[in-house]
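Have the model open as you read.

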Amino acid sequence: MRASTSEQATAGFDRTEPWWRGAVGYEIYVRSFADSTGDGVGDLAGITGRLDYLSWLGVDALWLTPFYPSPGHDHGYDVSDYCAVSSRHGTLHDFDVLVSEAHRRGLRVMVDIVPNHTSIEHEWFARARRDQGGPDRDRYLWADPTPDGGPPNNWLSHFGGPAWTLDEASGQYWCHLFLPEQPDLNWRNPTVRDDFDSILEWWMDRGVDGFRVDVAHGLVKDTQLRDNPQIAPVVPGMDPFDAFNAFEHRHDMDQSENVEIFRRWNQVCAPRQAMLLGEVNAPWPNRMARYVGAGALDQAFFLQSAFLGWDPETLLTMVRVMHDAAPHGISWVLSNHDRSRPVTRLGGGEAGVRRSLAVSTLFMALGGTPFLFQGEELALADGVLRDYHDPVSVRNDGATSGRDGCRTPMPWDSSAQNGFSAGDPWIDSEPRLPEQTVAGQQADPDAPVHRYRSLLDVRRQHPDMWRAPLEWIETANPQVAALRRGTIAVVANLSERRTSVRLGSPGWEPAFTSQQGSRFDTPAHDTVSVPPETTIVLTRE
Ligand code: NOJ
């Protein structure tokens, strides 16, 4: 194994506690961030060229979505080689440069690992299919048809249709919780486990600081492949996600053995201080908490907030329950590359902007590692599209609008293609207004990017915001959350009315408010009055 570039490059980092404690992450959807070659697809060198912006913004860690060789059926989440870079996104040399340039600026780099499934073009699957008696066959999940020739059970794909496709040559079906071109690995097979240990090592040797684990809840499947209980009707033409949710996923997802795998990964990653951050979609907070219990994943994303529209009471209830189940184990996110952007989802226009920042401000005080999705700091709304690009929409004849709206290119400036690419972008890219671009916002001190930057700065200046023990302050209104942690108090008033909250002690001074210029009464006494849909952070000596 070659010498770790990370050891040299991270020599200046403070290693007294895990680097992700107190950090703020930033998700880069590689295809749409910055294109350095003019082929219309974002690449690694493009990211390197924008690191100064990310340092200026004040984030601490970058999560790069898959940039591995892939036929691209699911835009990179169908990996055909886990230890290489797709020529579409650059070279391994570009990756090494990106890591060392990021480290030089104090930025950590996390890569996306996709262990639930490979690409149909991965050599493991090609061999498994070709040689039915060979050692690779059992790397995947195969099952015989039912007596009438149908799929082995009632499991559905997230992306529409059954989770099984018939392999004509062998007469058996293969399992895929996503597209047929994404065959699921068999995580009961020790070879699969060994291979992923080596993949993690390989990237750590190249200097990565952690892994975002795709579909962490999906790896192990029921040994008997039993049917899932159906809880709602499925009708033709239904949105595939709704059809998927018409079943209780008792046997295909969230099996207890998943946690064992992450305990094993933790043994591989912890000695190298590499973070394991899971995409965990478990139905209950106590189930989520199991994944981030001692010795398994370091954190799991809180994804429910990315699924919700504007529903403050539900949001705050979920946040509180989830926080209390795993106080430092949750990565708080309002969006990612799979969901409509928060400004759009939470009401659009001024209201969407106001509400997004109010929720993000609360998330910065909840203890785990929050992540922003590229463009969130610009308060971008979903892009406008002429065509579908997301396979989920293309394959379901538009029964779902899919995930394209949040995947349009990052608007850097007002040049052609908003500075994303000198060529034609892979996805529709409507021109953004100057005030929606990075350059336009950097020039305007009142623009959202400066609000997010100040918020990150306040979090950095006041480590109590994520480190001190959290105490909830009871409020009379379920649309208002308030907390105290050490020298910090936070009041998130997500209701439509100005609200007063008693902080329990006097002497608080405002450090940040999600609405610039908003008036709140400073509590010389112990009560703060907060405007509607606003979150305020207060400090005291
Ligand atoms: C979750 C990823 O975020 C999504 O983009 C992808 O389609 C699925 N996992 C399948 O890998």
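In which sense do strand β7 and strand β8 pair, and over how many bridges?

## Ground rules

This is a predicted model, with local features needing pLDDT of at least 70 and side-chain atom pairs pLDDT 80 or more, while totals for chains, interfaces and linings use all residues. Residues are numbered from 1 along each chain as its sequence is written, and side-chain values use heavy atoms, leaving out hydrogens and water.

## The sheet

Back to that pair: β7 (210-213) and β8 (275-278) run in the parallel sense, joined over 4 bridges. Pairing takes at least two DSSP bridges, and strands are DSSP E runs of at least two residues, helices H or I runs of at least four, numbered from the N terminus. Val-213 has Gly-278 of β8 as its bridge partner.

Zoom out and you get 8 strands in an open, parallel sheet, ordered β10-β9-β8-β7-β3-β2-β1-β11. At the edges sit β10 (330-332) and β11 (371-373), each pairing on one side only.

## The pocket

The largest pocket comes in at about 1,300 Å³. A pocket here is an open set of points on a 1 Å grid over the protein atoms alone, where a 1.4 Å probe fits, with protein on both sides within 12 Å along at least five of seven lines; lining residues have an atom within 4 Å of a point. The volume is the space filled by probe spheres set on the points, which are joined across faces, edges and corners.

Of its 48 lining residues, His-158, Phe-241, Asn-245, Asn-281 and Phe-307 are closest to the centre. Helices α7 (240-244) and α10 (304-307) are the elements giving two or more residues to this lining.
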